[in-house]
Amino acid sequence: MAKDRPVYMGPRLRRLRRDLGLTQADMAADLDISASYVALLERNQRPLTADMLLRLARTYKLDMAEVAGDGGAEQTARLHAVLKDPMFADIDLPGLATGDVAVNYPGITEALLRLYTSYREEHLALADRGAGSEPQEDVADPVAESRRFLAARRNSFPLLDDAAEKLAAEAEAEGGLTAWLKSRHNLRVRRLPSDVMAGSMRRLDRHRDAVLLDDTLDGASSAFQLALQIAYLEMRKLFDTILKEGQFAGTSGQRLARRALASYGAAAILMPYSAFAKAVEARRYDVEALARQFGASFEQTAHRLTTLQKPGQERVPFFFLRVDPAGNVSKRLDGAGFPFARHGGSCPLWSVHRVFETPREVVTQWLELPDGQRFFSIARTVTAGGGGWGAPRVERAIALCCAAEHAHRLIYTQDAPPPEPTPIGVTCRLCHRAQCMARSAPPIGRDMLPDDYRRTRAPFGFADG
């Protein structure tokens with residue numbers, strides 16, 4: 001606890017007393033103080049001293065850290081983040097008042113946070129319903145449900161980060177993930193040929209007490225699969241807790257969300273939040289250097305960068321996109337407010353669609369949307385599969401994007417001043433740049449010009465206004 005200011009923990013003390021089934025008089029007798037003093041403590045009219053904290057811990061056999069908590073710091077940070085939403089912009093919300101609410105009324109704070117998260121999910125669901133042009137991505141579509149679940153929470157799950165840090169420390173003390181699995185679950189790790197694995201990369205064999213891995217997996221992929229198995233073994237209850245707050249029409253959407261949470265947990269084990277957040281600042285978000293430092297792949301590291309939004313410990317917010325050569329989106333995570341189209345393709349002028357011409361090379365690009373918003377993007381190809389002659393490989397491209405205001409913190413912008421940004425649109429059907437020669441469709445709501453007397457260089461001509 002801080003020594004330079006008094007600490008008030010009234011609501012926490014009241015919950016503790018009720019959980020123990022005690023009256024104020026009972027607790028007063030146990031702690032050798034008056035019942036009126038207990039009442040003052042619970043109403044935050046007296047601070048909780050270090051001596052009183054020790055008495056509580058000793059009397060009720062409690063962990064001091066559990067009793068003291070963080071003084072409401074995490075709840076305060078989460079509430080601050082929510083109240084930054086533009087819908088609250090016209091309300092005077094002093095920081096001190098926000099902190100008082102979070103510390104003194106934790107139940108109300110938690111209710112507000114849950115309500116806001118539900119609002120975000122419903123907001124995204126309504127956006128999907130209203131798009132209309134692509135009926136296959138309906139509100140009941142499991143992929144759309146899973147993406148909304150992650151987007152509503154900005155792909156940040158502090159509960160998983162905290163659990164993963166503990167698991168990573170335990171594994172390091174044991175000598176690695178393989179040794180930890182043997183020590184904690186009596187599971188040995190075996191690598192078997194692909195034909196024996198019958199299409200599986202990883203399988204938990206309970207009969208032989210083993211985790212089986214395809215022997216064509218590279219080091220980063222093998223480590224990730226072991227961490228993924230640990231996440232499923234150790235974080236199931238946390239997954240259940242987090243998923244209870246979601247809104248799913250069927251089991252498929254929930255299962256996809258659970259898989260996303262497990263991957264999140266695995267990445268957090270391999271790249272623990274505190275160590276990784278420190279490293280990204282030291283290396284200025286150099287994805288390749290970070291991947292080498294943590295023994296991860298480029299894609300795993302880029303994905304982990306989108307999750308660094310733990311309240312009070314936020315880093316640069318990123319948008320993440322993964323596409324195949326045909327432009328199909330197989331993964332999309334938004335932590336940067338990038339208005340990516342939920343329906344249809346993205347802009348062909350974005351470099352993520354051209355990096356297939358320069359495999360494994362990081363390509364940077366400054367982008368400007370029609371409304372003037374500017375972003376900075378890095379893109380590179382990644383390969384899945386392979387590992388042996390004749391083994392199928394899949395080439396994809398991934399892009400990381402952040403708002404221009406954060407770009408100076410990235411190593412990719414240090415050598416030269418930013419060039420003129422590439423004007424792009426969210427998607428052709430929503431972009432009103434009349435002279436774009438890369439356009440694939442006219443914008444919704446604009447009248448086409450006849451071309452019997454004049455043909456524009458752009459694929460479509462349409463009336464102004």
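Student: Which residues lie nearest the centre of the second largest pocket, and how many residues line it?

Tutor: Let's start with the general idea. Rolling a probe the size of a water molecule over the atoms shows where empty space is left. In this predicted model, the second largest pocket has a lining of 50 residues, and those nearest its centre are M201, F224, E299, R322 and K331. Its volume is about 1800 Å³.

Student: Which helices and strands each supply at least two residues of that lining?

Tutor: Among the helices you'll find α9 (142–152), α13 (219–234), α15 (251–270) and α18 (298–305), while the strands are β5 (329–334) and β7 (374–385). Helix α13 gives the largest share, with seven residues.

Student: Where does the second largest pocket lie relative to domain 2 and domain 3?

Tutor: Look at who contributes to the lining. Domain 2 (151–270) and domain 3 (317–426) both give residues, so the pocket lies between them.

Student: Now for the whole chain: how many helices and strands does it have, and what percentage of its residues is buried?

Tutor: The protein chain has 18 helices and nine strands. Of its 465 residues, 43% are buried. The chain exposes about 24400 Å², with carbon and sulfur atoms supplying 52% of that area.

Student: What share of the contacts with a separation of 6 or more joins residues 24 or more positions apart?

Tutor: In this protein chain, that share is 58%.

How values were computed
Residues are numbered from 1 along each chain as its sequence is written. This is a predicted model: local features need pLDDT of at least 70, side-chain atom pairs count only at pLDDT 80 or more; totals for chains, interfaces and linings use all residues. Side-chain values use heavy atoms; hydrogens and water are left out. On a 1 Å grid over the protein atoms alone, a cavity is a set of points where a 1.4 Å probe fits but cannot get out, and a pocket is an open set with protein on both sides within 12 Å along at least five of seven lines; lining residues have an atom within 4 Å of a point. Grid points are joined across faces, edges and corners, and a volume is the space filled by probe spheres set on the points. Helices (H or I, at least four residues) and strands (E, at least two) are DSSP runs, numbered from the N terminus. Domain bounds come from an automatic or database domain assignment. Buried means under 20% relative accessible area, exposed over 50%, partly exposed in between (1.4 Å probe, protein chains only). Contact means heavy atoms within 4.5 Å. Accessible areas come from the Shrake-Rupley method with a 1.4 Å probe; for residues, only the protein chains shown count as cover.
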